[in-house]
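Visitor: Could you walk me through this one? I have the sequence and the model open beside me.

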Amino acid sequence: MNLRPIAGVVLRQIYLLRGSPVRVAPMVSWVAIDIVLWGFITRYLNTVSGSGHDFVPTLLGGVLLWDFCTRIMMGVSTAFLEDVWSRNFLNLFASPLSISEYIAGLVITSVMTSCLGLLAMLLLATGVFHLQFFSLGLPLVAFLMVLFVFGITLGIFGSGIVLRHGPASEWLLWPLPALLSPFAAVFYPLSTLPQWMQAVAHGLPPAYVFEGMRALLEGRPFPGALLLQGTAVAVVELLLAVYFYGRVYRHAVRTGLLARYSAEGAA
Amino acid sequence: MPALTTNSDGKNTGSPADVPALRVVNLRKRYANITAVDDVSFTVSRGEIVGLLGPNGAGKTTTINMILGVLEPSGGRVAIDEIDIARNRALALKRANFAAVYAQLPGNLTVSENLRFFGLLYSIPGLRARVEELLEEFDLVRLRHTKCGLLSSGEQTRAALAKALLNKPQLLLLDEPTASLDPSAAQIIRERIKSLASRDRCGILWTSHNMYEVEAVCDRVLFLSHGKVLLEGNPRTLPGEHGSASLEDLFIRVAREPLSHDVGAEL
């Protein structure tokens with residue numbers, strides 16, 4: 001891999017963000033709205049439950065982590081869609097840029113944009129709703145990494161779907177996190193779900209992360225096995241997503257889809 | 001047509017002066033029941049401008065897409081500067097570039113942002129100076145901070161040509177580069193491209209439906225119909241050799257001729 005083409009892909013996204021505040025605003029505003037909404041819900045639940053259970057870490061922490069994962073996915077997908085929207089595929093792929101360099105550029109872009117979202121969420125959640133986010137220490141970083149990898153996986157997979165089925169299929173991409181969230185057990189223990197949903201959840205790394213985080217919050221020993229399982233599933237799925245994208249790209253080159261994409265993008 | 005002889009890197013070891021900018025050998029593209037390009041072979045020498053002519057659907061853009069590596073051939077080979085594109089895509093494409101009416105630069109970046117972005121994709125050394133040079137050469141200095149989507153057709157063509165020359169290509173592919181220009185702007189662009197071939201020894205493959213332009217610019221033309229090369233020769237003498245009054249008359253005869261194996265001989 002050559003670093004300069006990767007830098008080119010990232011620089012293009014920086015130019016787009018620099019020149020357009022409307023691209024930056026949603027990165028912060030959506031997650032901020034989520035934190036404010038769930039922040040007040042948790043405050044309310046704390047006052048009415050009477051159980052003494054603090055809902056802030058479980059619910060607000062869950063929202064923050066799930067939004068982080070979703071933002072990572074959106075970061076990859078949106079950077080990819082910028083090339084769809086501007087009908088830039090022919091210019092891109094008729095250059096020496098390789099598919100791995102292109103994906104690397106999308107991932108780096110996503111890291112930058114989602115860090116912005118994460119920062120906004122942390123400021124609000126800790127400053128306004130007193131979420132002790134860093135009290136979990138190093139295990140938190142490990143679990144965040146699993147969510148990061150899964151977000152990248154979803155972004156690459158979603159981009160592959162759009163490349164394969166055309167620009168209109170972006171509407172399949174946006175609801176993907178919402179579709180997965182009930183299975184990811186963000187707000188409730190896995191045992192709450194019926195058996196078939198638990199079976200699906202075992203294929204989703206976030207389910208291991210949220211189960212592990214709840215264990216930590218309840219003061220149980222560090223759930224090393226959950227972290228290992230979650231990491232393994234995340235890595236395998238990332239490799240599968242990269243393989244899927246590579247297959248879709250080769251199919252697009254073989255069938256002429258890539259060459260025709262500019263024309264279809266205008267339709 | 002000689003077969004490609006390349007070493008293990010897909011690079012011919014012959015002297016640079018003898019090496020054609022482009023060698024296409026027995027190129028074929030078949031989609032299900034349609035043969036879009038059928039056993040096409042030709043070369044483009046350094047400093048030569050070759051016109052690729054033919055009616056709509058003749059296979060010109062399909063041929064160009066295969067040369068650019070965005071469409072996989074069903075058979076045959078393409079070598080840019082004797083580097084086989086199937087074996088060493090990135091290295092081959094570093095020596096080529098293109099401009100086409102259907103592949104405009106992203107309209108949401110300014111002229112200089114686009115040139116820097118593509119310059120990184122092509123790993124251009126001394127990029128800043130090269131961008132300044134091209135802005136001067138194509139009279140784009142005053143438009144450097146203008147978004148490409150806001151440029152007039154002529155300005156967009158100049159910006160696309162500046163991008164196409166970023167890497168000082170050995171091979172330049174131009175798909176109807178003057179299609180949307182007024183006669184005056186088209187003439188200026190033609191002169192610039194002609195000087196490129198003579199000054200920089202760049203091989204140019206040019207498609208156009210403007211036979212006056214082809215006669216004025218091209219050293220040699222290839223008539224393509226139903227995916228086959230039917231005729232090849234000097235655009236100024238070819239019509240007379242085949243009993244036509246002008247290149248346009250010859251084009252019309254080729255376009256209306258039903259395809260048969262000896263159609264070239266009949267003409």
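Guide: In chain A, 76% of the contacts with a separation of 6 or more are between residues 24 or more positions apart, where two residues are in contact if their C-beta atoms, placed from the backbone, lie within 7 Å. This is a predicted model, in which local features need pLDDT of at least 70 and side-chain atom pairs count only at pLDDT 80 or more, while totals for chains, interfaces and linings use all residues. Residues are numbered from 1 along each chain as its sequence is written, and chains are lettered from A and ligands numbered from 1 in the order in which they are written.

Visitor: What is the mean pLDDT of chain A?

Guide: The mean is 90, and 98% of the residues of chain A reach 70 or more; pLDDT is the predictor's confidence in each residue, from 0 to 100. Confidence in chain A is lowest in helix H12 (residues 257-265), with a mean of 68, and highest in helix H9 (residues 195-201), at 96.

Visitor: How many helices and strands in chain A?

Guide: Chain A has 12 helices and 0 strands, counting helices (H or I, at least four residues) and strands (E, at least two) as DSSP runs, numbered from the N terminus. Its radius of gyration, taken over C-alpha atoms, is 20 Å, close to the 18 Å that the globule rule gives for 267 residues, so chain A is as compact as a globular protein of that length; the rule is 2.2 Å times the number of residues to the power 0.38.

Visitor: And Leu64(A), buried or exposed?

Guide: Leu64(A), which lies in helix H3 (residues 55-85) of chain A, is buried, with 22 other C-beta atoms within 10 Å. A residue is buried if 20 or more other C-beta atoms lie within 10 Å of its own, exposed if 12 or fewer, and partly exposed in between, with C-beta atoms placed from the backbone. Leaving aside neighbours within four places in sequence, Leu64(A) is in contact with Ile35(A), Met121(A) and Ala125(A).

Visitor: Switching to chain B, what is the strand order in the sheet?

Guide: The open sheet of 6 strands in chain B has the order E6-E7-E8-E3-E9-E10, with mixed pairing; two strands pair if DSSP finds at least two bridges between them. The edge strands, each pairing on one side only, are E6 (96-100) and E10 (228-233) of chain B. Within the sheet, strand E3 (residues 49-53) and strand E8 (residues 203-207) of chain B pair in the parallel sense over 4 bridges, and Gly51(B) stands opposite Trp206(B) in E8(B).

Visitor: Which strands does helix H1 of chain B touch?

Guide: Helix H1 (residues 60-67) of chain B packs on the sheet and touches E3, E7 (171-175), E8 and E9 (220-225) of chain B, its direction making about 150° with that of E7(B). Axes are lines fitted to C-alpha atoms, for helices over the stretch in contact, and angles run from 0 to 180 degrees between N-to-C directions.

Visitor: Where do the two chains meet?

Guide: 26 residues of chain B are in contact with 26 residues of chain A, and the largest share of the chain B side, 6 residues, comes from H3(B).

Visitor: How many residues of that H3(B) are buried?

Guide: Helix H3 (residues 111-121) of chain B is mostly covered, with 11 of its 11 residues buried. What covers them includes helix H1 (3-18) of chain A together with helix H4 (127-137) and H5 of chain B.
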